[in-house]
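Trainee: I would like to learn how to read a model like this one. Where do we begin?
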Amino acid sequence: MATVVAVIASTHHPFYYRASTATGADRPPFADEWVSKILAFRETLTRARPDVLVMVGSDHFHQLWLDNMPQFLVGKAPFYDANWYNEEREFGLPRMLLTGQEDLSGHILRAGLDAGFDLAFSNELRIDHSITCPIVTLRPEADLPIVPIYTNIFAPPLPQPKRFVQLGQAIREIVESWPSHLRVAIIGTGHLSLELGGPRQFGPHGPDPEFDRRAVEWIANGDLDGCLSEVTLDSLHAPGNATHGFMDFMLMMGVAGAGAKADHVDTLDLFHTMEAYFTWYPNGAPA
Amino acid sequence: MSRYLVDKFLYTVDRDPELVERYRADPEALVRWWEAERANAVLNCHTGEASTWLRFTPAERAALIAHDHVALFRLGAHPFLTLTLFIAMFERDNTEPLEYQKAYAARLAHFDLPYPDIAT
């Protein structure tokens with residue numbers, strides 16, 4: 001059976017690529033510290049020596065749209081083109097081509113459906129920055145096959161937070177039941193408090209530092225009960241109008257398991273958002 | 001309310017560099033053309049399968065023509081779609097980093113929680 005060698009959760013700030021590659025007067029003052037934290041974070045994946053990446057993210061109205069919106073979707077394709085014209089335009093993100101792991105995609109779809117999750121699938125999925133940002137930060141070589149899994153945190157009505165946790169728990173079990181000798185890392189990206197297109201956007205910090213502090217504590221300690229007791233679809237509106245992306249962090253807490261303390265926890269207070277990075281080693285830290 | 005159609009406008013214009021420029025340069029002409037020619041296009045289908053019933057309300061049409069992101073927010077347009085398209089049109093006029101984005105937020109400062117419903 002496959003081995004889950006690392007579980008990783010992070011924010012997916014689309015400006016990292018531009019900030020980290022900028023030089024001279026264009027390089028922002030926070031870039032060096034950001035790069036330093038990302039290099040340490042990247043090492044947590046490199047050390048786990050993964051063969052395959054299962055990648056959880058949220059499409060930002062790129063390929064998925066309101067005429068036919070899935071709640072949870074698994075990519076099943078041999079290749080994935082990546083990033084979109086408007087991401088190139090706004091964030092300077094490059095076009096990318098990633099290889100798919102179709103056998104694992106098929107296994108997740110079959111076992112996920114049998115476990116009671118009505119997963120949608122796509123045989124032609126162009127992925128966006130929620131999945132390419134962790135490629136840029138964690139595996140810039142982009143040399144490993146992936147299975148993309150998209151969640152709807154964007155277009156109401158949304159699934160309940162508990163459902164994200166349940167799907168995370170199921171993904172962990174399903175990957176571990178995959179008849180393969182391969183080493184799998186499960187990586188997901190979400191948000192802490194975040195506002196986009198509203199009055200609290202682009203402030204000097206995230207819109208709700210107190211929410212961020214508690215959220216980092218929940219994730220770092222695997223405190224699923226504490227998190228679920230306080231977070232609802234309605235409550236997630238208060239810390240910022242894009243904070244429902246936090247449910248992808250909750251999904252990753254489900255992957256890591258209740259009570260699982262993260263082996264790597266780091267944060268960076270950037271303009272308008274708190275960046276956060278977590279790594280768990282289910283089988284102990286690699287040597 | 002035709003909140004879905006407002007979002008569809010923002011979504012389809014944002015994805016097309018030519019439409020972004022036409023919307024910036026002549027919003028009334030672009031909005032009226034889009035409503036006549038594109039509003040009822042079923043995405044990913046050929047034109048023979050178009051729908052027949054999608055229309056903006058007068059308030060929605062006026063907000064789009066006026067580039068009025070405050071009115072669009074009040075009407076429940078998806079804030080990510082509005083922001084992304086408006087950055088594409090107006091960030092280029094910045095003289096300072098994030099100048100447009102901060103001014104955009106400031107013009108929304110009178111909104112309190114809960115914000116207008118964005119469900120379609």
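Mentor: With contacts. Contact means heavy atoms within 4.5 Å. Keep in mind throughout that this is a predicted model.

Trainee: Which residues does A:Leu45 touch, leaving out those up to four places away in sequence?

Mentor: A:Leu45 touches A:Ile8, A:Pro50, A:Leu53, A:Leu138, A:Arg139, A:Ala185, A:Ile187 and A:Tyr281. A:Leu45 itself sits in helix 2 of chain A, residues 31-46. Its relative accessibility is 0%, so A:Leu45 counts as buried. Now look along the chain. A:Pro28 is 17 residues from A:Leu45 in sequence, and their C-alpha atoms are 26 Å apart.

Trainee: Is B:Ile87 buried or exposed?

Mentor: Buried means under 20% relative accessible area. B:Ile87 has 4%, so it is buried.

Trainee: How should I think about nonpolar cores?

Mentor: In soluble globular proteins, nonpolar side chains tend to be buried together. Here the largest nonpolar core has 104 residues. The members touching the most others are A:Val54, A:Ile108, A:Phe246, A:Phe278, B:Phe9 and B:Tyr23. A second, separate core of 35 residues includes A:Val5, A:Ile8, A:Tyr16 and A:Val35.

Trainee: What does A:Ile108 touch, not counting residues up to four places away in sequence?

Mentor: Its contacts are A:Val54, A:Val74, A:Leu113, A:Leu119, A:Val147, A:Ile149, A:Ile174 and A:Val175.

Trainee: And packed helices?

Mentor: Two packed helices are described by the angle between their axes and the distance between the axes. Take helix 6 (residues 161-176) and helix 9 (residues 246-256) of chain A: their axes come within 7 Å and cross at roughly 40 degrees.

Trainee: How do helix 7 and helix 9 of chain A cross?

Mentor: Helix 7 spans residues 209-221; its axis and that of helix 9 come within 10 Å and cross at roughly 20 degrees. Helix 7 and helix 9 of chain A are therefore roughly parallel to each other. This crossing is left-handed. A:Phe211, A:Ala215, A:Trp218 and A:Ile219 of helix 7 meet A:Phe246, A:Phe249 and A:Met253 of helix 9.

Trainee: Which backbone details deserve a check?

Mentor: Look for cis peptide bonds. The bond from A:Pro156 to A:Pro157 is cis, with omega near 5 degrees. A:Pro157 lies in the loop between strand 7 and helix 6 of chain A. The bond from B:Leu113 to B:Pro114 is cis too, with omega near -10 degrees. B:Pro114 is in the segment after helix 7 of chain B.

Trainee: Where is B:Asn44, and what is its phi?

Mentor: B:Asn44 is in the loop between helix 3 and helix 4 of chain B. Its phi is positive, near 70 degrees, and the residue is not glycine. At 82% relative accessibility, B:Asn44 counts as exposed. B:His67 also has a positive phi, about 50 degrees. At 14%, however, B:His67 counts as buried.

Trainee: What confidence values go with the model?

Mentor: Where pLDDT is low, the predicted coordinates should not be read in detail. Chain B averages a pLDDT of 96, and 99% of the residues score at least 70. The complex has an ipTM of 0.94 and a pTM of 0.97 from the predictor.

Terms used: Residues numbered from 1 in each chain as written. Chains lettered and ligands numbered in written order. Predicted model: local features only at pLDDT ≥ 70, side-chain atom pairs only at ≥ 80, totals over all residues. Heavy atoms only, no water. Core = buried A, V, L, I, M, F, W, Y, C linked by side-chain atoms within 4.5 Å. Buried < 20%, exposed > 50% of the residue type's maximum accessible area, 1.4 Å probe, protein only. pLDDT = per-residue confidence, 0-100. Axes fitted to C-alpha atoms, helices over the stretch in contact; angles between N-to-C directions. Helix = DSSP H or I, 4+ residues; strand = E, 2+ residues; numbered from the N terminus. Parallel < 35°, antiparallel > 145°, perpendicular 65-115°, else oblique. Left-handed = near helix turned anticlockwise from the far one by under 90°.
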